[in-house]
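Keep the 3D view open as you read.

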Amino acid sequence: MSGGAGFFDIPSDLQHTYLGLIGEHLKEALIPVAGGLALSLPIAQLCVRFRWLYPPVLWVTTVLYAIPSIAFFVFLIDYTGATETTVMIPLTVYSLVVLVPAIVDGVRSVPQETLAAAEAMGFTSMQRYLRVELPIAVPAIFAGLRVATVSSISLVSVGSLIGNEGALGNLLSDAHVFHRSNLAVTSVVTTAVLAIVIDALLIGIRMLLTPWLPRGSRSARRASVDAVTGPAPEEARPLEEAAR
Amino acid sequence: MRERSHRTGPGNPARRGPRPVTGRNIGGLNSPRNGLRARAAQADSRHVRKGIRALIRIESVTKRYPDGTVAVDRLSLEIPDGSVTVLVGPSGCGKTTTLRMINRMVELSEGRILLDGADITRQPVNTLRRSMGYVIQNAGLFQHRTIVDNIATVPRMLGWDRGRARTRAMDLMERVGLDAGLAKRYPYQLSGGQQQRVGVARALAADPPVLLMDEPFSAVDPIVRKTLQAELLRIQEELGKTIVFVTHDIDEAIRLGDMVAVMRTGGKLAQFAPPDELLSAPADEFVEDFLGAGRGVRRLSFFTSAGLELTTDPVVAVDASAAQIAERATDDVPYLLVTDADGRPLGWARAKDAVGGEGLDAAQLLSHGRPFEFGRDSLRDALDCAVLSPTGWAVAVDGDGRVVGVASQETIAGAIRDAHAERKGSADRKAAAGAPGGPGATGARRTAR
Ligand SMILES: Nc1ncnc2c1ncn2[C@@H]1O[C@H](COP(=O)(O)OP(=O)(O)OP(=O)(O)O)[C@@H](O)[C@H]1O
Ligand SMILES: [Mg+2]
């Protein structure tokens with residue numbers, strides 16, 4: 001434990017203040033989730049429309065998820081260099097494994113009668129998707145988003161493998177290099193707080209979007225979504241991931 | 001000439017909503033069905049003039065699903081304008097398929113369906129659908145939209161501005177018996193019965209001429225179902241839509257239908273007839289089995305009690321003098337019906353006890369049971385009252401609940417025989433005259449009482 005440097009004295013090699021690191025971390029975590037969502041919506045729509053497509057799509061997302069990020073980096077670094085883009089691309093790909101099934105299952109959970117009613121009222125299939133299926137899938141989609149976001153926040157740290165791109169994760173390597181264990185504490189605690197705050201924010205947005213959900217069934221619905229998307233409580237998955 | 005003037009025609013007291021609210025019923029035409037028949041008859045003549053006999057005409061339609069299932073097999077039906085046609089049959093006989101072919105949610109494999117004389121494939125499918133309200137089991141409401149927004153869906157899609165659509169939705173809520181305070185609620189905050197009402201209101205929102213209903217009331221409890229059926233008849237009485245109603249409940253079919261199409265497994269039509277005819281002359285064993293037991297008694301629902309000969313001999317007021325009582329309590333009258341000062345029934349007194357001299361003690365009376373409304377209730381109701389009555393006499397009341405007389409089981413049995421004879425006679429005359437057997441043709445009407 002060298003020097004009297006405090007928890008928030010960020011080593012100069014990171015070229016960032018503490019708040020700067022947080023901003024960087026959020027950017028690298030959230031852009032991939034947003035990108036993942038943008039990709040998942042049409043993919044899920046296709047999977048709902050063409051049922052046969054869903055199993056292979058699920059298989060592909062799972063295989064992609066199984067590729068260690070370091071392998072992505074080795075491959076991508078030739079094209080995008082040691083940049084944050086190189087970090088964000090695999091994170092985007094990883095988010096699909098949660099988001100695609102969340103949206104597909106959410107949309108599929110729309111009751112048959114509701115769909116029949118929409119059809120009978122002369123909704124085109126696009127109107128039906130946008131005005132009926134997606135809104136009703138919002139709770140399931142948000143359940144997926146929460147898992148994807150928290151997991152992404154935790155995963156950004158692997159960016160430190162390609163130099164300076166791990167944001168708060170770089171504090172971990174610096175803790176090692178400079179023998180400043182307080183930096184490790186700063187890194188871990190800050191990441192955890194970020195995850196909790198962003199998660200709470202997502203819950204808040206979801207509640208604003210779904211005044212139509214029976215009170216008290218919100219948590220029930222979440223549990224059912226987890227049951228469908230597999231054992232992916234947000235605490236567990238990031239831990240698995242941190243091991244990569 | 002239809003047998004409108006017969007005193008005890010198939011007046012359909014079977015199908016009774018709450019008190020009709022429109023002026024159309026004044027003068028004894030006080031069953032929803034009667035107004036309907038009148039309109040159906042008008043519609044008939046109009047269509048004869050235009051050369052179109054039915055609003056929806058299903059011509060030899062077959063539906064073969066991709067897996068080879070033949071759900072509907074060369075079905076032909078003429079669904080009359082402005083009345084309720086019920087498709088009924090065992091599970092899997094193709095009722096839903098038939099209904100959905102009408103709004104093209106299912107495309108037919110062979111044959112054609114005409115709407116007002118034009119093939120339904122001639123207009124864009126979504127235009128067709130918006131001209132037909134659709135109501136299903138469990139309502140199928142949009143759970144993410146408020147009640148008022150649910151109801152306003154189709155008007156909004158048709159381009160109505162928000163204010164007009166909302167006003168329309170609020171009107172409809174009132175029409176289907178929903179409190180305006182529910183407008184801002186979400187579907188989960190409503191009971192099943194209320195949701196079903198919203199479903200009906202939503203289907204009516206753009207005032208479509210046709211209403212397709214697929215077992216709309218089968219998921220609610222029997223009491224709510226009865227209320228909803230009555231309300232549907234009331235609404236129909238006001239709006240005169242062409243309703244195609246699917247159910248697997250034959251009693252519901254008989255209660256609601258102006259015409260009933262019984263389908264058998266394999267999507268074949270077993271019989272297409274007015275409910276009264278179905279009960280009196282099932283086409284074959286299948287229909288007979290499907291109708292179940294008690295056909296004869298159930299058919300009595302179609303005979304009005306207006307022709308019943310009542311007697312007021314045993315009726316005495318509670319404040320009657322001993323002399324008056326003695327005068328009433330002859331050998332033929334073992335029981336006296338005691339009424340209050342307004343003429344409402346209080347209960348039965350044993351004639352022997354009453355003559356004893358202590359006067360009439362209201363507390364000592366036997367229950368008079370549920371009375372029937374003379375002229376409005378059916379012979380079935382009258383018979384039911386008599387059978388349940390402790391004295392074997394049924395009490396007849398007027399619309400205000402005042403006693404108009406009593407009838408014994410024997411009197412009722414006589415009236416039933418007469419009614420059957422008269423019905424048979426008119427059917428024979430009709431056959432002899434070669435009158436067409438359209439839905440209006442059986443619509444004999446009770447005279448004002
Ligand atoms: N999409 C489909 N593909 C293949 N067969 C179907 C399909 N839909 C219905 N069927 C079959 O067609 C037949 C008629 O079905 P339909 O839903 O019209 O029956 P129903 O009379 O409405 O029955 P229920 O009273 O149970 O609702 C059944 O044998 C059913 O299994
Ligand atoms: Mg059905």
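## Where two chains meet

In this predicted model, the side chains of Glu119(A) and Arg129(B) come together in a salt bridge, with 3.6 Å from N to O. Side chains of opposite charge can pair when their charged atoms come close. Over all chains, a search of the whole structure finds 22 salt bridges.

How many salt bridges are counted between chain A and chain B? The count is one.

Now widen the view to the whole contact. Chain A brings 23 residues to it and chain B brings 24 residues. Between them the two chains bury about 2,000 Å², and 61% of that lies on carbon and sulfur atoms. Which three residues supply more than any other three of the area that chain A buries against chain B? They are Ala120(A), Met121(A) and Trp212(A), which supply 31% of that area.

## Helices packing inside chain A

The table gives their axis distances and crossing angles.

| Helix pair | Axis distance | Crossing angle |
|---|---|---|
| H7(A) (residues 170–177) and H8(A) (residues 181–209) | within 7 Å | roughly 165 degrees |
| H3(A) (residues 69–80) and H4(A) (residues 84–108) | within 9 Å | roughly 130 degrees |
| H1(A) (residues 18–49) and H6(A) (residues 125–155) | 10 Å | about 140 degrees |

Start with H7(A) and H8(A). Their axes cross at roughly 165 degrees, and angles over 145 count as roughly antiparallel, so H7(A) and H8(A) are roughly antiparallel to each other. Their crossing is left-handed.

Is their crossing left-handed or right-handed? The crossing of H3(A) and H4(A) is right-handed. Among the residues of H3(A) that meet H4(A) are Phe72(A), Phe73(A) and Leu76(A), and the H4(A) residues include Val87(A), Ile89(A) and Pro90(A). By class, the contact of H3(A) with H4(A) has nine nonpolar, four polar and no charged residues.

Finally, look at H1(A) and H6(A), whose crossing is right-handed. The contact draws on H1(A) residues including His25(A), Leu30(A), Leu37(A) and Arg49(A), and on H6(A) residues including Tyr129(A), Leu134(A) and Ile153(A). The residues of the contact of H1(A) with H6(A) divide into 12 nonpolar, five polar and two charged.

Key. Residues numbered from 1 in each chain as written. Chains lettered and ligands numbered in written order. Predicted model: local features only at pLDDT ≥ 70, side-chain atom pairs only at ≥ 80, totals over all residues. Heavy atoms only, no water. Axes fitted to C-alpha atoms, helices over the stretch in contact; angles between N-to-C directions. Helix = DSSP H or I, 4+ residues; strand = E, 2+ residues; numbered from the N terminus. Parallel < 35°, antiparallel > 145°, perpendicular 65-115°, else oblique. Left-handed = near helix turned anticlockwise from the far one by under 90°. Contact = heavy atoms within 4.5 Å. Buried area = accessible area lost by both parts, 1.4 Å probe. Salt bridge = Lys/Arg side-chain N within 4 Å of Asp/Glu carboxyl O. Nonpolar A, V, L, I, M, F, W, Y, C, P; charged D, E, K, R; others polar.
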